[in-house]
Amino acid sequence: MLRQELDRERQRRMELEQKVQEVLKARTEEPPAQPPRGQAQVNNGADRWSQGLCPRVQKWFYEKFGEYVEDFRFQPEESTVETEEPLSARRLTENMRRLKRGAKPVTSFVKNLSALSDWYSVYTSAIAFTVYMNAVWHGWAVPMFLFLAILRLSLNYLIARGWRIQWSIVPEVSEVVEPPKEDLTVSEKFQLVLDVAQKAQNLFGKMADILEKIKNLFTWVQPEVTRKLYIALWAAFLASCFFPYRLVGLAVGLYAGIKFFLIDFIFKRCPRLRAKYDTPYIIWKSLPTDPQLKERSSAPASRRLQTAASRSYVSSAPAGLSKDEDAGRVHGAKKGNFHEIFNLTENERPLAVCENGWRCCLINRDRKMPTDYIRNGVLYVTENYLCFESSKSGSSKRNKVIRLLDITDIQKYKVLSVLPGSGMGIAVSTPSTQKPLVFGAMVHRDEAFETIFSQYLKITAAAASGSDS
């Protein structure tokens, strides 16, 4: 009986679960309940309005701010390789002229400031000094400089419109502009490149000197100079902390005006006074450049080497050789003294200007052999002779001695005519040579020519006066 009741109860539960599942299945398959007609129309209108509003807002936002949003997008950086122009003499000259024209406003401004400080125009400098000091005293220095900048721009505008206005203390001198030549010879092109390269070298050298001095000032290369700047900065810092800015600005402005208009004027007129008391000038002049530092560091080593060499030479010098003879050019042990090398009298010594001689090459155009045609050596001038010492070791036959009275003509000479300039040689004509002897490749050609020519005139004048008497 009990088992039958349990089976019935289990069957009832199973039937109840089946009915529940059928009801749930029927509810899921039924369509959603339709809202009332009025409520459905309101919902549809709201959906359409929301769907139409979002694109409008997005479109308006993109039109107004899309350009700025695009700028914030990160993109890979493009590596662009600049094409370098080939070297051209005309292009190089044009760029130097462009640099000069571009720097002309700066240079003219500096010239005007220098003219104000030098009192080039007394009335202009007096008016500028009075206006500046009054502006600083009443606290109008900044408005004054701003007004001058506005005035300068206004004048530039009028000049650009065709007005002829000259606002300069120093009168401008119009430079003669040479028209560019279309066809240049090889020599002219070479000379043009040399001129431009020399200007660029000097310009870069001045800029490098300024930058190196500033660097060495702040890197304690010369501690006694940098210490002054260090103390001045500390004094300025403490003054700015304890004194009001108006008082500090007044003191700085008054000092700048007095220094620029009065003190600098006195120092420029009195160089000795400036060298003693002009502290900024002294500091700037005492600052070394990098090449000067290298020379200072190498000077002690070279002095030690020279001292050691002189000691070794004195110890190895032959007997009977005085110290006065050692003071001249150090010749080899085999060559002996100067007068022995050229078979001259003992009183024939090189002049003080050419005590160490001028290195050059002797070109004897009467000779046919290459070994005799060109000889490298050193040229000397004595009181009566022109002496050439060959650098090759051997007999003294390779040396050349020319008596100054035997010279018939002496002039500057250019060995290669295709090269620019007046050359680096000296041509000497004598009765014993068919073609002039040429001393070429002389670095100090002009100095040597002036020395030889002046001594030649002196000897010929003395000989002429002796013959007349």
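What percentage of the 469 residues in the chain do buried residues make up?

A: In this predicted model, whose local features need pLDDT of at least 70 and whose side-chain atom pairs need 80 or more, totals for chains, interfaces and linings use all residues. Residues are numbered from 1 along each chain as its sequence is written, and side-chain values use heavy atoms, without hydrogens or water.

Of the 469 residues in the chain, 20% are buried (under 20% relative accessible area with a 1.4 Å probe and protein chains only; exposed is over 50%, partly exposed in between). The chain contains 16 helices and 7 strands (DSSP runs of H or I, at least four residues, and of E, at least two, numbered from the N terminus).

The aromatic pairs number 13 in the structure (Phe, Tyr or six-membered Trp ring centres within 6.5 Å; planes under 30 degrees apart are stacked, over 60 edge-to-face, the rest tilted). Y230 and W234 are edge-to-face, because their planes stand at 80° with the ring centres 6.4 Å apart. Both belong to helix 8, residues 223-242, where their spacing of 4 residues separates them by about one helical turn. Y230 has a relative accessibility of 42% and therefore counts as partly exposed; W234, also at 42%, is likewise partly exposed. W234 forms a further edge-to-face pair with F237, with 5.8 Å from centre to centre and 85° between the planes. Since W234 and F237 are 3 residues apart in helix 8, about one helical turn separates them too. F237 is partly exposed at 44% relative accessibility. W234 thus takes part in the pair with Y230 and in the pair with F237.

Elsewhere, ring pairs join F129, Y132, F145, F260 and F261 into a cluster. Among these, F260 and F261 also take part in the contact of helix 9 with helix 4 (contact means heavy atoms within 4.5 Å). Helix 4 contributes L113, S114, L116, S117 and D118, while helix 9 contributes F260, F261, D264, F265, K268 and R269. By class, the contact residues are 5 nonpolar, 2 polar and 4 charged (nonpolar: Ala, Val, Leu, Ile, Met, Phe, Trp, Tyr, Cys and Pro; charged: Asp, Glu, Lys and Arg; polar: the others, Gly among them).
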